[in-house]
Amino acid sequence: MNSQAIRRPGLAGSSRTPGGGTCRAVPLSPVRASAGGTSGERSPLRPTRPHQHHAHPPVGAAPEHRPVAGRLANSAVPLSHGSPALRSLAASSASLAQLRERYAQALPDVSTATAVAMEQQAQVAALPRRRSGSGDLPGGLPALPALPRALARQLAQARRHLERQQQQQQKQGSEDVPLSRDALTLVLLATAVSFICSIDRAAMSVAILPMSEQFQWDDSIKGAVSSAFFAGYMVTNLCGGFLATRYSAKGVLALGVVLWSMFTIATPTAAAGNLNELLLARAMMGVGEGVTYPSIQNLARKWVPEAKRSRALAFIYSGHQLGTIGSYLLCPLLISQLGWESIFLGFGSLGFFWLLFWQPMVKDEADPAAQAAPATGASAVGSAAGTPARPLRLQDVPWGAFARSKGFWAIVAAQSTVSVGNVLAFSWLPTFYNQVYGVDVASSSLLSVLPFVATVLATNAAGWIADGLINNKVLDKTSTRKLMQAIASLGPAACLAKLALDQGQGSTASMTDAVALVTAWVSLCGFSAAGYGSNHQDISKEYSGIIYGLCNGIGSICASASIYATGQVLYTTHDWALVFEVAAGLYALGAVAYLQFASCEEQFTPASLAAQGAGPTAAPRSEAR
């Protein structure tokens, strides 16, 4: 090696000589050098890299120091450029003021993901250089140099500020955007059909008193007549969710309304024949009503935005309590004026009137224009439903994954035990007031109305409270569902325990105390609308209707068995305290299971099913999540 300056094809100017002299050097061009010989030329297959050769200074010479700020100021390469020379400069004590100025200009225009990546790269400054990352940032931005810790803290603050802004915008977007006209129509008509479903079902609870006198029925026959409805209800709950998902949820619900309305009208004729005909008519009525709520779950998933779904479902469920109220208020009047047969003829015709509005005003899927819209309103939620890639088949549904899911069984436990308590109030309250306190049909119906009026208020309040806790980040979704369900299960358990204690002391408690306890028991159950009642859609958007049908079907089996068992207990022992004690224990058992295992984490997605090795052979539907 001589004292002549070392030249390379990619360098211009001068470089340091072995003798200590200096010559200027310009960074290499990124274009590859041409083929060369052995005198320092690079192969055309290898890219050149900008670098400088430095010889050792003479013995005793002081090292050269150049201010970093000066180097940054004179550099023509922007700080965001990912060249090796710049990385070596950034690894040194770079000017914090200059870096802050450059990053401050970029931060307002970057996303949260970019800010997080910037912060992570900033933290690399504290690590050895050999561990520094050199990957690009999201969005195709070049890799940033490692930054000092002071700037890393500033970037972390900026990132948190961006996250808060995005959360606030998302909250305002979901809260301020009203339901679309189609979504609002769906919610109102779904509430109306929930009302009709309930008023047709509850009619028997009041009519069974004059019917039992006319046909000489005891409590065991009363229990059999009431439980026959839930036997049919169980069948279509189990398969209704699949039918509503496989076919048109709108059409399946319409067919169910036609079926149950026909057999409601046919009830007086069946009762005049024989008991078996009446049991068949009640079972077929249950078959029609069994598809109602699985179909509503499917439609609500498509049209109602998630931020408002708890309150929308609570409003729809409150139609059920309003139907019970309507039945208890109207039935005594109709019975006294027109006979018990008139309530089945009048209430049964309501379903056909409702169909006149349902068919032309409700859509199964969102319009294509709504699907292309931004995901801000209810129409955008409809786009999430997507269009089916092919019809859903039974083998496409992850039945095994349902059976292995603790979250699924937590819903089953809560829904089944609450169903037992609900049907106890629904089917036996007029009989309880009549047998224990000797009130007539009209008075017992009026007393039975009060709990359901309070339930309407509690159900809607629960939906608003739950959405407020979730949207304002007070509690996460799982904790909110558990809180609502704890109120809906443990509260009634306490009321029933006190009611059983009062009835079992030998002297009957005052009717005022009994009405107060019954009202608290039934109304607190309304909080389940924001507990397990909304949990089906949390754990699965695709299969929410099927899951609801399965859970409600199992709950219907328990309800049917409990109604029949209650009739047998009352027929043999006339012990209302025992009935209330068993119901209180079931409420508590359901609460424990739900609080232990409930989850709002989305399950049964293609990815999770593939990981479990239990997924369907093909995705039944393609949804934009």
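Tutor: T267 lies in helix 9 (residues 267–273); helices here are DSSP runs of H or I with at least four residues, numbered from the N terminus. The model is a predicted one, in which local features need pLDDT of at least 70 and side-chain atom pairs count only at pLDDT 80 or more, while totals for chains, interfaces and linings use all residues. Residues are numbered from 1 along each chain as its sequence is written, and side-chain values use heavy atoms, with hydrogens and water left out.

T267 has a relative accessible area of 0%, so it is buried; buried means under 20% relative accessible area, exposed over 50%, and partly exposed in between, with a 1.4 Å probe and protein chains only. The side chain of T267 reaches two backbone oxygens: that of F263 at 2.9 Å and that of T264 at 3.2 Å. Both are polar contacts, a term for a pair of N or O atoms within 3.5 Å; within protein, one must be able to donate a hydrogen and the other to accept it, and residues adjacent in sequence count only if both atoms are side-chain atoms. Leaving aside residues up to four places away in sequence, T267 touches M204, L278 and F344, where contact means heavy atoms within 4.5 Å.

A side-chain oxygen of D476 comes to within 3.1 Å of the backbone nitrogen of T478 at the start of helix 19. At the start of helix 23, a side-chain oxygen of D575 reaches to within 3.1 Å of the backbone nitrogen of A577. Buried residues of helix 23 include W576, F580, Y587 and Y594. Their cover includes helix 17 (406–437), helix 19, helix 20 (511–524), helix 21 and helix 22.

Next come the charged pairs. Side chains of opposite charge can pair when their charged atoms come close. The structure holds ten salt bridges, each a side-chain nitrogen of Lys or Arg within 4 Å of a carboxyl oxygen of Asp or Glu. One of them joins D219 and K222, at 3.6 Å from N to O. These two residues are three apart in helix 7 (residues 219–246), so about one helical turn separates them. D219 is buried at 7% relative accessibility, and K222 is buried at 9%.

E306 and K477 also meet in a salt bridge, at 2.2 Å from N to O. This pair links distant parts of the chain, 171 residues apart: E306 is in the loop between helix 11 (292–303) and helix 12 (309–338), and K477 is in helix 19. E306 is partly exposed at 42% relative accessibility, and K477 is partly exposed at 21%. A further salt bridge, 3.2 Å from N to O, is formed by D396 and R393. D396 is buried, with a relative accessible area of 0%, whereas R393 is partly exposed at 33%. Shared partners join E306, K477, R481 and D538 into one network of salt bridges.

Aromatic rings remain. A search of the whole structure finds 22 aromatic pairs; rings of Phe, Tyr and Trp (its six-membered ring) pair if their centres lie within 6.5 Å, with planes under 30 degrees apart counted as stacked, over 60 as edge-to-face and the rest as tilted. The rings of F402 and Y543 have centres 6.0 Å apart and planes at 75 degrees, so this pair is edge-to-face. F402 is in helix 16 (residues 399–404) and Y543 in the loop between helix 21 (532–539) and helix 22 (544–572), so the pair ties together parts 141 residues apart in sequence. Both F402 and Y543 are buried. F408 and W409 are another edge-to-face pair, with ring centres 5.2 Å apart and planes at 80 degrees. F408 is buried at 4% relative accessibility, whereas W409 is partly exposed at 42%. One aromatic cluster is formed by W399, F402, F408, W409, Y543 and F604.
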